[in-house]
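Please open the model in a viewer and follow the stops below in order.

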Amino acid sequence: MEKLVVVGNGMAGVACVEQILRHAPKFQITIFGDETHVNYNRILLSSVLAGEKSADDIVLNGLEWYEKNNIDLRLGVRIVDVDPIAKTITGDDGSVTSFDKLLLATGSMPLIPSIEDVKKDGVFVFRNLDDTHQLLERARPALKAVVIGGGLLGLEAARGLQIQGCDVTVVHLMETLMERQLDPTGGGYLATKMNQMGITVLLGLSTTKVLGNGHVQGVEFKGGGSIPTELVVIAAGIRPNITLAEKAGLEIKRGIVVNDYMETSHPDIFAVGECVQHRGVCYGLVAPLIEQGKVLAATITGNKGPTYEGTVLGTKLKIMGVDVFSAGEINDKVDGSEVIRYEDPSLGVYKKLTLKNNKLSGVILVGDTGDSHNYMDWLRSQKDLSAMRRQLLFPDSSADTGLDVAHMSGNETVCGCMGVSKGAIIQAIHEKGVCTMAQLKEHTRASTGCGSCAGLCQSLLKAVAPDFQEDTKKTICKCIPFTEDTLREILRSQQLKSVQEVLDIYGNGFGCEVCKPALSYMLDMLWCGDHDEDRSTRFINDRVHANIQKDGTFSVVPRIRGGVTSPDELRRIADVAEKYNVRMVKITGSQRIDLLGVKKSDLPKVWADLGMPSGQAYTKGIRMVKTCVGTDFCRFGTQDSTSAGIELERRFENLFTPHKLKMGVVGCPRNCAEATVKDIGLVGQDGSWQVVVGGAAGKSVRKADLLITVETTEQALDAASLFLQYYRENANYLERTYDFVERLGIEKVRKETIYAPDAMKAALRDRLRKSKAHSRDAWLERDDPQTATQFVQITPLQEVLA
């Protein structure tokens, strides 16, 4: 059995090994990786830096994969020498390993500009998981950070640091951000958006020196001028790692020279990935590296035939929540070129097409990338576009998206991040029974990078998967034939303020148990509580402000803010339980006390005797805030979680929401009050708070997404307020926060809440304030004679019929 040794445990090398295994070769495979981690998705390092994913979340091939395929994995060993004659490699641990075939997948190295004192403490690069962990250890709210480099990697680092609460400045040598993908106008749109989201962008500046005595305190620029900083991240580019290739005597130019079969100048040494140069081009994106790996796998296993012809580069990604697509020639100064542009500064949309001889030679899209696959197809096919000149900027959309994706060729790349083609997706649908996005991600890894291909993946599923159920917005019910978005606009524009009025004009006149509560919530949310409330449109629980039980009795849960009560409140609870023969007194999982078995007719008297506000344990609204003891008593506490939790509950209590909403506040990352599986959670850290949203701990468990890291408790409460009101206004009725956040994506949520323009944030706060001002403790209805008849005891059957 031949020995295949792979130097490099990254995405390109392991992806190639996956392809080799599909050819069922008889190789004894050894993989060396100088990192101590298994193969992971480097594209998602920025998500780890942003706190959106953990290191485990981005693993592509776990240890079980290596074991299953009998691969000898040697982690933490850097290969320092190659002997092409003896066919051996030497590790920095002194080990010598022989090979029959050698695959170099050594990737690239960070390009460090000529900057004086660049080795000071506090200066980092951003290339691997260890770099990411070091940055996470240093990042904290209000810390000043400078990112040197305005390319893709630099902007991703800036985004991650900002979400960790840092005050970030991007310094770029060129006058245009992402100048390899964008022209000055497109780069300007992106820079404007970044400035709006709180990241300072400095263009045309050359960093010459890192300031500080031992530790970084600032950076200095050519020609004078400097800015203070406590952290510097260098992301100024990459260069192929050709050190081992040089020692092996291979032909080298900028990278390791390979032919169309991915062969080097040595018959038994091959190369793939960022370290290679093919037809004069070195590729730094994942899709070309995956294509190279397929060709190399065929060559090395004796199935030589397929060739690598190079890749028409198309970059589709999401930067700071902004969709960007770039492909082909971006320089429009080439002789014979024609340029077609469209700009809408208000929407942040920019499109530029470059044509030569009526054929597309380049495209740049910012803010709207929906037609990117059409442009990519025209670039590859070099189709004559003479007859389509009037529709080039806005190609005709097919009424059936299935017809649209049907025009794509099978080898066309759908997911540029992971190099997944249309053909691979269709194969997974037919052979694996894939019919959901989650299954598609699991089996193909498509849409697990930046996520910008999700729409195209959905269209493919819809067109090909027989059991695919499209996630479309539907009407609430048959009584009123409008989607929730349309209904909101109708209510807002026509100033409708009662459920019956809406049903009379736009519905069947009487409604049902589905649409009436939904309409009631919409009116409450839109008019901030200033509407005509019809109690008959609410569920029975909302009409009597208690949870109905199977025997027709009710449970009563008083509000105990933050789980903190007093001896006086406990005595009153005990007295009420005895006075009204409450069958069970139960401590809930939400740090509250539940009185079960209360008669409906006794509810107003129970509330009065308790003298405590309603805990809203019965409604689609704010439930509670669970807290730990924080700094008051816990020796591990870093923040006053108890006070923060009580204040959070006080600010939001009595508000209605699309579905029940639970919150948690913890004083340290030990997470005793499970804040990371709540709808809104505040996680205390040393000197900061993490605000997380969209968690779940019910039938399914979901870790909440990090919204932002802030320095003070007030900032954390404000971020929570912005999210709450945004959720109240934009979620579908009965949609939990975890479904809402997954549907929109955390980037969009951030963009429209914490990073929204000041006027938009002020409007969200104002509407929340108005809603809170109109809200009231529901149990005070005990004193309202108009609602007294609601509490007449009837039989369980009558209750159900009601």
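A cavity is a set of points, on a 1 Å grid over the protein atoms alone, where a 1.4 Å probe fits but cannot get out; lining residues have an atom within 4 Å of a point. The model is predicted: local features need pLDDT of at least 70 and side-chain atom pairs pLDDT 80 or more, while totals for chains, interfaces and linings use all residues. Residues are numbered from 1 along each chain, and side-chain values use heavy atoms, without hydrogens or water.

**Cavity**

To display its lining, select P517, Y521, R538, F539, D542, T619, K620, F656, T657 and Y733. Five of these lining residues are nonpolar, two polar and three charged.

**Helices α15 and α16**

Next, select residues 499-506 (α15) and 515-526 (α16), whose axes lie 9 Å apart at an angle of about 115°. The crossing of α15 with α16 is right-handed. Show V499, V502 and L503 of α15 against C515, K516, L519, S520 and L523 of α16, in contact through heavy atoms within 4.5 Å.

**Helices α11 and α13**

Finally, select residues 422-432 (α11) and 454-464 (α13), which pack at about 45° with axes 11 Å apart. On the α11 side, the contact uses K422, I425, I426, I429 and H430; α13 contributes C457, L460, L461 and V464.

Conventions: Axes are lines fitted to C-alpha atoms, for helices over the stretch in contact, and angles run from 0 to 180 degrees between N-to-C directions. Helices (H or I, at least four residues) and strands (E, at least two) are DSSP runs, numbered from the N terminus. On a 1 Å grid over the protein atoms alone, a cavity is a set of points where a 1.4 Å probe fits but cannot get out, and a pocket is an open set with protein on both sides within 12 Å along at least five of seven lines; lining residues have an atom within 4 Å of a point. Ala, Val, Leu, Ile, Met, Phe, Trp, Tyr, Cys and Pro count as nonpolar, Asp, Glu, Lys and Arg as charged, and the others, Gly among them, as polar. A crossing is left-handed if the near helix is turned anticlockwise from the far one by less than a right angle, and right-handed if clockwise.
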